[in-house]
Amino acid sequence: MNTKQQETALQPSSAGPAHGKTAAVLSVLGMGLGQIYNRQYTKGLILLLLEASALFYFVRNLGHGLWGLITLGEKEQGMQKVGKLTQLVPGDHSIFLLIEGLIVLLAFIVFLAVYILNVKDAYRVGVARENGRKPNNIAQTIENIKETKFAQALLTLPLLGVLFLTVMPILFMILLAFTNYSFPDHVPPAKLVDWVGFGTFKDLLLLKSWSKTLLGVLGWTIVWAVVATVTTYFGGLLVALLLQQPFVRLKGLWRTIFILPYAIPQIVSLLVMRNMFNGEFGPINQYLAYFGLEKLPWLSDPFWAKVTLIIVNMWIGIPVSMLLILGVLTTINKDLYEAAEMDGASPFAKFKAITLPMVLFSTAPILITQFAGNINNFNVIFLLTGGGPINENYQYAGSTDLLVTWLYKLTLDRSLFNMASAVGIIIFIIIASFSIYNYRRSRSYREEDMIQ
């Protein structure tokens, strides 16, 4: 049935009984009643059973879940006299109440969506009856789902997974930023957590100690992400182009050598690098001293620590870009180069007019992904410098800390969960905004049908 036929089937008949409206009203009163009215007894009973189960769950949990979500608990844990004994009496755990409230609220939203679909289904089938069509029985309904809505049916379970395993943690992080969940006064179960509105963001942006740290760490995060992405991408492009040249022998051996750093676990590579760049005993400074050069404070000086991070990141990231671009280069039609040579184009002109646009077209989404990944590049910073050296002007952050490593320190070292959540929201906004904006402007999005 095409779209026009479907629209026609949904138009109620002016003559005859109003089955559509009657079925819709009955479905509003109770899930499945409209389907039973439409003589779809099995479907109606299944929906009635679903509503009964949902009512049993929500009657027991919805009120308590919303109460916990709104109040975050009212009773603190403490020592109280029970009878003749003084004992520890447990109180409300604000964070557990917050999570339980979110789960119940999301489940209720899903139930409402199913309820609305139930009403629409009853109305659609009722209208079909008005137009003289016989309603499908349960076997025909299943067959219809298999033929026309198989993909939607299969996606239902993953969609619920995304809702509860992806959306809910994001909502939890966002909500934490609006509480005072922090050490030492508001950490459950000993203490309750309260809603504070935008107080955390106000402290982060207006208090001098916090705002100075935020601006400093945010600035370095952006610089790091841009430099790390550009150096690894164009470094990989350069290596890939060199390996494609006809005068290069033993290409397989060269590729293997360049891939080796990528094959070694990053934690091992970075710890080795940390020792190599050690200011006192590292072999790199030992070689510099051997040749009469001054030793460099690779990890103890803020500027040289940042230079060290970029160098090490190039060593790790260039093989990834090289492999990616090597694959793209093999897909470029050789006839384009032959036509350019016949026109007298120089090697640089061929690179500028053919190679670079084709490579950028194919790798633009991955380039954006690399940029987003570098904003959250926790491993290189944490394992190589640990965020150091110490910056006395920063609040719980070092000179090379990114937003994500600062968030880690605020969470696990200082237990300032509300402040860490606010930083997490800032990271999310930066990455999501930049990625969406750039991807929609890239040629690979606007001209996605160019290459089949």
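Which residue forms a salt bridge with Asp 401? Lys 409 does, with the closest N and O atoms 2.6 Å apart. A salt bridge here is a side-chain nitrogen of Lys or Arg within 4 Å of a carboxyl oxygen of Asp or Glu.

## About the model

This is a predicted model: local features need pLDDT of at least 70, side-chain atom pairs count only at pLDDT 80 or more, and totals for chains, interfaces and linings use all residues. Residues are numbered from 1 along each chain as its sequence is written, and side-chain values use heavy atoms, leaving out hydrogens and water.

## Salt bridges

The whole structure holds five salt bridges. Asp 121 pairs with Lys 43, with 3.1 Å between the closest N and O atoms. Asp 121 lies in helix α5 (residues 94-130) and Lys 43 in helix α4 (residues 41-71), so the pair ties together parts 78 residues apart in sequence. Helices are DSSP runs (H or I, at least four residues) and strands are E runs of at least two, numbered from the N terminus. Lys 43, Asp 121 and Arg 124 are linked in a network of salt bridges.

Buried means under 20% relative accessible area, exposed over 50%, and partly exposed in between (1.4 Å probe, protein chains only). Lys 43 is also buried, at 16%. Back at the opening pair, Asp 401 is buried at 1%, and Lys 409 at 16%.

Glu 143 forms a salt bridge with Lys 146, the closest N and O atoms being 4.0 Å apart. The two residues are three apart in helix α6 (residues 138-148), so about one helical turn separates them. Glu 143 is partly exposed, at 36%.

## The nonpolar core

The largest nonpolar core has 44 residues. Such a core is a set of buried Ala, Val, Leu, Ile, Met, Phe, Trp, Tyr and Cys residues joined through side-chain atoms within 4.5 Å. Leu 204, Trp 224, Leu 403, Trp 406 and Leu 410 touch the most other members. Helix α18 gives the largest share, eight residues.

Leu 403 touches residues including Leu 214, Val 217, Val 423 and Ile 430, not counting those up to four places away in sequence. Contact means heavy atoms within 4.5 Å.

## Annotated regions

UniProt, in an unreviewed entry, places transmembrane regions at spans including 253-273 and 353-373. Its positions use the numbering here, feature names are shortened, and annotations may be inferred rather than shown by experiment. Residues 253-273 are 90% helix, with end C-alpha atoms 24 Å apart. Residues 353-373 are 100% helix, with ends 29 Å apart.
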